Structure formats: C-alpha cells, structure tokens
Amino acid sequence: MTLTVSAHRRPRVSVGIPLHNYEQYLQECVDSVLAQDGVDVDVTIIDDASTDGSLALAQRIAAQDPRVVVRAHGTNHGHIATFTEALAVGDAPYVLKMDADDVLPPGALRRSLALMEAHPEVAFCYGYAQRFQGATPVGTRTAVRRWSVWSGPEWIERRVRRGHNVILQPEVVIRRSALTQVGGHDERVAAASDLHLWLRLASVGSVARVDGPVQGLYRVHGSNMHSTMHGGFWRDLQARADAFGLFLDEQGDRLPDVERTRAALARTLARDALRLVQRDAEGRIELEVPAQQFLDFARTTDPTIERTAAWRRTVRADGGVRTGRAGALVRDLEDKARWRVWRRYGL
C-alpha cells in the first residue's frame with residue numbers, strides 16, 4: 001500500500017465552497033484547503049446572495065491567491081442548486097464540496113488522492129470526520145492504518161442494513177468521471193440529497209475509505225444546515241426512507257437482488273423507528289411528533305415487526321407505549337458498538 005503520490009505528477013482537485021452568511025468561518029475553511037500538501041487545488045467560492053460580509057471576504061481572499069475564484073448569485077438559488085454548482089466547478093479529475101463552516105486537516109487530500117490514484121475504480125473516498133464545537137482541533141491523528149475498498153453493491157448493502165448516512169461531508173473526495181455519470185444533488189430528496197448522492201456514486205464504482213486519520217473537521221453550531229433545515233427525528237426518518245427508496249426505484253437494477261435489498265431496507269427503517277420510540281419512552285430524546293406516528297411508520301414499512309420481541313417490549317397489548325428502561329442497557333451497548341464501528345471502519 002503506497003501512501004504517497006507521484007513526485008512527478010501531483011494530483012489535482014477542484015474544491016467548491018457554497019457560501020451563505022458564513023463570514024465568520026470562511027477564512028479558516030479556505031486556508032485549510034489551500035494549505036493541503038502534495039496536491040494541486042483550485043477553489044471556487046459560490047456566494048448564494050449572502051446578507052452579511054461573506055461575499056466581500058470571499059473577494060478579498062480571491063484577490064490574494066490566484067487559485068481562488070468567486071461566483072456571486074444576485075438572488076438566492078437555494079442549497080440544492082448551489083451544492084450542485086459547487087460540485088461542478090473546475091476541471092480537475094477530483095472534486096470536493098466543502099461547506100464553508102468546515103475545515104480540512106493537514107494532509108487529508110494527499111491521503112485520499114493517494115488511495116484514489118492507486119484504485120481508479122473508486123468513485124469516491126471518505127474517512128473519519130471529527131465533530132467539534134468552538135476552537136478548531138489541532139494535532140489530529142494523521143497515521144493511516146489501512147485502506148478499505150468495497151465494491152459499490154457491497155457498500156450499498158451495508159448502508160441499507162444500517163439505514164443511516166455515515167458521511168458528514170468534508171471527508172469526501174469524488175472522482176469527476178463518476179460524478180459526471182450520476183449528476184449532482186437531487187431536489188426531490190432535498191433533506192437527504194447527500195445520502196442519495198453517495199448511493200448513486202456507489203452504483204457506478206467502488207467506494208473507499210482512508211482508515212485511521214481524521215480526514216475532515218465538521219463544525220457543530222446552531223446554524224448548521226442539518227440542525228436547521230434537516231432537523232427532527234421524524235423528518236430525518238422520512239428523508240432517509242425517501243432517499244433510499246428513490247435510489248432503489250431508479251438505480252436498483254444495478255444491484256444483484258433489488259427485492260432482497262428492499263426487504264432489508266424495510267426491516268432496517270422499521271426497527272429504527274421502533275428504537276426512536278424506545279428512547280423517547282426512556283426520556284433520552286424527545287420526539288417532535290407523537291410516538292404513535294413512528295409505530296405506524298414501522299408497521300406500514302415492515303408488518304413483520306409486530307411479531308418481534310422488541311415490539312412486545314415496547315408496545316403494550318392495548319397499543320400504548322411502555323415506559324421505563326427495559327432493554328436500555330442492551331441498547332446502550334448497541335449504540336456504543338455502532339459508534340466504534342463507524343469511527344474505526346466508517347460503517
């Protein structure tokens with residue numbers, strides 16, 4: 001396994017940064033991209049009609065570095081159109097969409113592109129993205145433990161069995177040829193358009209991960225897209241169901257057995273809905289809609305769930321939700337195991 005890129009040909013990556021009222025974060029974001037070693041980068045900042053000083057700052061940054069250009073929307077185009085535009089910038093063989101509030105750790109692009117140069121079948125590559133609040137972490141882990149490479153159908157099956165998006169965003173590099181083949185974000189599943197994009201990319205190539213180092217820094221704050229536009233357990237559950245469903249409807253014929261995959265997805269989503277009801281009953285989360293709505297979703301999605309022990313532990317004979325912490329220890333252990341698998345293997 002080679003962890004360095006050719007000394008004679010530095011890989012090129014085009015970075016698109018959608019921007020809307022993130023003046024306080026933009027400079028650090030762009031600096032972290034321009035400081036990447038071992039690769040050539042060009043940066044396009046796309047200001048979507050910001051009302052703060054974002055555009056003026058972007059223009060000052062571009063004036064100081066010829067690798068940076070700025071596009072400015074006179075009117076707000078919305079996040080999906082701007083995200084898709086960000087993915088289409090430049091002409092490099094590799095593409096990264098970088099949200100303006102996130103940060104790239106040193107060496108992240110070099111590590112990802114070393115893998116992708118060695119594996120031309122890979123449609124996109126990701127790694128561990130560390131969430132943070134406040135000051136940006138420094139001295140993050142850089143040692144590569146190994147490369148993981150999955151066939152597209154295998155990675156999709158793993159996503160179906162988990163039911164969640166394991167990717168935050170700043171840790172992803174996409175091969176432009178694969179992106180051209182599948183297109184950008186889809187308005188029809190706006191709340192989970194990133195998950196839908198990863199599934200489509202996996203349908204045309206392999207998926208890889210750089211295991212070990214921190215490959216992206218995901219800033220958590222009150223104005224995050226996911227905490228504003230995409231917030232709420234019910235909306236998230238529906239969004240994931242819609243993204244997976246649309247993908248299977250339109251690209252399912254690329255999978256070995258789409259009907260088996262649909263059945264597995266139904267089981268996963270139904271059990272996830274039931275798990276949310278359990279955590280609400282334990283007082284760990286607060287559902288924004290009645291628990292009965294989640295139970296109805298579970299029953300409709302996978303009618304066999306009513307015959308499971310998990311259902312009987314959660315739902316009384318009269319249809320009401322049991323309260324208390326029965327099974328909470330097991331669910332705690334499951335959650336911790338899931339987190340460790342995600343952190344170490346990206347699954």
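**View 1. Strands β1 and β2 pair in parallel.** In this predicted model, β1 (residues 12–19) and β2 (residues 40–47) are joined by eight bridges. V13 has V41 of β2 as its bridge partner. Helix α3 (residues 79–87) packs on the sheet here, with a direction about 160° from that of β1. Its contacts are with β1, β2, β3, β4 (94–97) and β7 (173–175).

**View 2. Eight strands form an open sheet.** The order is β3-β2-β1-β4-β7-β5-β8-β6, and the pairing is mixed. The edges belong to β3 (68–72) and β6 (146–150). Each has a single partner strand, so one side of each lacks a neighbour in the sheet. From one strand to the next, the twist averages 30°.

**View 3. Helix α7 is largely enclosed by the rest of the structure.** The helix covers residues 193–202. Why is it described as enclosed? Because 10 of its 10 residues are buried. Among them are D194, H196, W198 and R200.

**View 4. Helices α9 and α11 are roughly parallel to each other.** The axes of α9 (residues 233–251) and α11 (residues 291–301) come within 11 Å. They cross at roughly 15°. The crossing is left-handed. F233, W234, L237 and A241 of α9 meet Q293, F294 and F297 of α11. By class, this contact has six nonpolar residues, one polar and no charged.

Note on methods: Residues are numbered from 1 along each chain as its sequence is written. This is a predicted model: local features need pLDDT of at least 70, side-chain atom pairs count only at pLDDT 80 or more; totals for chains, interfaces and linings use all residues. Side-chain values use heavy atoms; hydrogens and water are left out. Two strands pair if DSSP finds at least two bridges between them. Helices (H or I, at least four residues) and strands (E, at least two) are DSSP runs, numbered from the N terminus. Axes are lines fitted to C-alpha atoms, for helices over the stretch in contact, and angles run from 0 to 180 degrees between N-to-C directions. Contact means heavy atoms within 4.5 Å. Buried means under 20% relative accessible area, exposed over 50%, partly exposed in between (1.4 Å probe, protein chains only). Angles under 35 degrees count as roughly parallel, over 145 as roughly antiparallel, 65 to 115 as roughly perpendicular and the rest as oblique. A crossing is left-handed if the near helix is turned anticlockwise from the far one by less than a right angle, and right-handed if clockwise. Ala, Val, Leu, Ile, Met, Phe, Trp, Tyr, Cys and Pro count as nonpolar, Asp, Glu, Lys and Arg as charged, and the others, Gly among them, as polar.
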